[in-house]
Amino acid sequence: MTLRAKTVKELRQKIEDYDYKRKSGMVFTSKPTVAEWIVVWWKNRTFSESVCSYRRPMINKVIGPAIGHLKVADVKPEHIQQIMKSVEGRSESYNNKLYQLLKQLFRDARLNGLIIHNPCETIKPGGIETAEKKAITAEQFKKLTAATEGTRAYLFCMIGYYTGMRREEICGLTWDHVYLEAASPYIHVEFATTWPTHSKGVWPSPLKSEKAKRKIPIHAELQKALVAAKAVSKSDFVIPGSDGNVITHSSMRRLWGIVDDRTLPEYLPKSRIRDYRTDATEEKGKKAPNAKKTIDFTVTPHILRHTFATNLVASGLDIKKIQYLTGHSDITVLLKIYAHVRENSPEELADMINSSM
């Protein structure tokens, strides 16, 4: 690197500027490898923990081994096509996320003058289409609560079904954010619990987006469950870990293991058929071989959230209000649900048009 200046003072300033940029990762060789560029690119950007959780493995296990050794300027569309071909057996969602990561990497490389054309521009992601998530019915929810009553999974399911909160949001909920005595009781969603290393929970962690901050009215049935739980709680957390502190990743898995134990095997994905289980008393390491399997449908924390949104859409509530209550930053997610839930029959649409004029 050569620096030129007309005066000693100007040269010193340029040296200081260069040193600052070098230390902050803003200076790189004129022809970096993909691996070198990724190091600089990642260092100068801030991603949420949820984004980091899937981008790190993509970089370390897919992108790095495939093209990390190549110069950024030498990467061709065929290299990108080869990467996408290697993951075509994975979900459509995974393929889209990987493609967006690659596209962003090379877009920013082009903006920094490392390449002229983005090799991702002509590539289309593939993947296996994700099966449509099915909301559970009111009858199925009764089965779920009956099966989990008396366990700590019960309150988790009640909150998920009646508020649509994300798993991380429920685990990050503290009693001082549950306003049971308000004229209209509500939950203030402001923090989340995350597990960066799949171990200890980190609280308070930021929510998925700014729009995830919201105040959700408490349903009468949920209010009863919360009042009962608060009366015996010795923790600041509504859903605490076994020691009363922030819940760990393994403790959360054991909590949902209670639901899995009571679900018929054919409704469990292979990834959730595990050897360890806990019984209703939540004693670590104890199995529940005699748990009655009365849940004859697939249910996950996200399906509870999906059910909440689906029920709101079916109620006819304004789509912008639903977006607020669910904390979605992208309304297109809700529009997909809307398209499936609303019949849009000529009779229904005619009534809407007539009443709007």
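Reader: How many aromatic pairs does a search of the whole structure find?
Author: This is a predicted model. The search covers the whole structure, and its count of aromatic pairs is nine.

Reader: Are the rings of Tyr-179 and Tyr-186 stacked or edge-to-face?
Author: Their centres lie 4.6 Å apart. Planes under 30 degrees apart count as stacked. Here the planes are at 15 degrees, so the pair is stacked.

Reader: Is Tyr-186 buried or exposed, or partly exposed?
Author: Buried means under 20% relative accessible area, and exposed means over 50%. Tyr-186 has 21% relative accessibility, so this residue counts as partly exposed.

Reader: What kind of aromatic pair do Trp-203 and Phe-237 form?
Author: The two ring centres are 5.2 Å apart. Planes over 60 degrees apart count as edge-to-face. The angle between these planes is 80 degrees, and the pair is edge-to-face.

Reader: How many residues apart in sequence are the parts that Trp-203 and Phe-237 tie together?
Author: Trp-203 lies in strand β4, residues 202-205. Phe-237 lies in the loop between α9 (220-232) and α10 (249-261). The pair therefore ties together parts whose separation in sequence is 34 residues.

Reader: Is Phe-237 buried or exposed?
Author: The cut-off for buried is under 20% relative accessible area. Phe-237 has 9%, so this residue is buried.

Reader: Which residue has its charged end over the ring of Phe-47?
Author: Phe-47 forms one aromatic cluster with Trp-41 and Trp-42. A charged end sits over the Phe-47 ring, 5.0 Å from its centre, and belongs to Arg-55.

Definitions and conventions
Residues are numbered from 1 along each chain as its sequence is written. This is a predicted model: local features need pLDDT of at least 70, side-chain atom pairs count only at pLDDT 80 or more; totals for chains, interfaces and linings use all residues. Side-chain values use heavy atoms; hydrogens and water are left out. Rings of Phe, Tyr and Trp (its six-membered ring) pair if their centres lie within 6.5 Å; planes under 30 degrees apart count as stacked, over 60 as edge-to-face and the rest as tilted. Buried means under 20% relative accessible area, exposed over 50%, partly exposed in between (1.4 Å probe, protein chains only). Helices (H or I, at least four residues) and strands (E, at least two) are DSSP runs, numbered from the N terminus. A charge sits over a ring if NZ of Lys or CZ of Arg is within 6 Å of the ring centre and within 35 degrees of the ring normal.
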